[in-house]
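Hi there,

Here is the structure I promised to pass on.

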Amino acid sequence: MVIVGFDPGLATLGYGVIRADNRSKPEMIDYGIVSTPKEENLAVRLAMLEKGVKQIIDTFKPDEIAIEELFFAKNVKTGIAVAHARGVILLTAIKECGKIFEYTPLQIKQALTGYGRAEKIQIQQMVKTMLKLKGIPRPDDAADALAVALCHSQTNKLGGLFSI
């Protein structure tokens, strides 16, 4: 099964593609980012994200897509921008793939490290270890997206519990 994980962002949207099944360890296929220039207006940036997400889906033809849920911390303005980007991902994913799953940051940390309050470096190390990579994927957004995909590969055994 091919899983694409997305770490939503307006300036930098991370993606990670893995192959995973019940018989073998997950394997990294690709990872990267879709970036938009801050000088552009919101509508143009969202259109750029849609084009990038569609291209990723068309290239890798995932069986399922996993997306990190929004988590609002201090900066509401940033949260709103990420919500716009997330909406584009959700819309494009449902149209192009149909099988979407969402995970909170806590669920992702729990699935990868066994501890829901793990630090970012611990998650990155687990991504590196679980996928047998030589180094931590860069940029962080891509590593986070691989973590989302790995979380889904660990929890999709529970059926459609996290499906939307």
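His 152 touches Ile 3, Glu 64, Ala 66, Phe 101 and Tyr 103, leaving aside residues up to four places away in sequence; contact here means heavy atoms within 4.5 Å. His 152 sits in helix α5 (residues 140-155), and at 0% relative accessibility it counts as buried. For that label, buried is under 20% relative accessible area, exposed is over 50% and partly exposed is in between, with a 1.4 Å probe and protein chains only. Helices (H or I, at least four residues) and strands (E, at least two) are DSSP runs numbered from the N terminus.

Before you go further, please note that this is a predicted model, where local features need pLDDT of at least 70 and side-chain atom pairs count only at pLDDT 80 or more, while totals for chains, interfaces and linings use all residues. Residues are numbered from 1 along each chain as its sequence is written, and side-chain values use heavy atoms, with hydrogens and water left out.

Now to helix α1. Buried in α1 are Arg 45, Leu 46, Leu 49, Gly 52, Val 53, Ile 56 and Ile 57. Down the axis of α1 these buried residues fall within an arc of 135°, so they line one face of the helix; the arc is taken from the directions from the helix axis to the C-beta atoms. They pack against β1 (2-7), β2 (12-19), β3 (27-35), β4 (64-68) and α2 (76-96). On the face turned away from the buried side, α1 carries the exposed residues Ala 43, Lys 51, Gln 55 and Thr 59.

What happens just after α1? Lys 61 takes a positive phi of about 45° there.

How many disulfides are there? The count comes to zero, a disulfide being a pair of cysteine sulfur atoms within 2.5 Å. The sulfur of Cys 97 is 17 Å from the closest cysteine sulfur, in Cys 151, which is too far for a bond. Cys 97 is partly exposed at 22% relative accessibility, whereas Cys 151 is buried at 0%.

Finally, Arg 23 lies in the loop between β2 and β3 and is exposed, with a relative accessible area of 75%.

Best wishes
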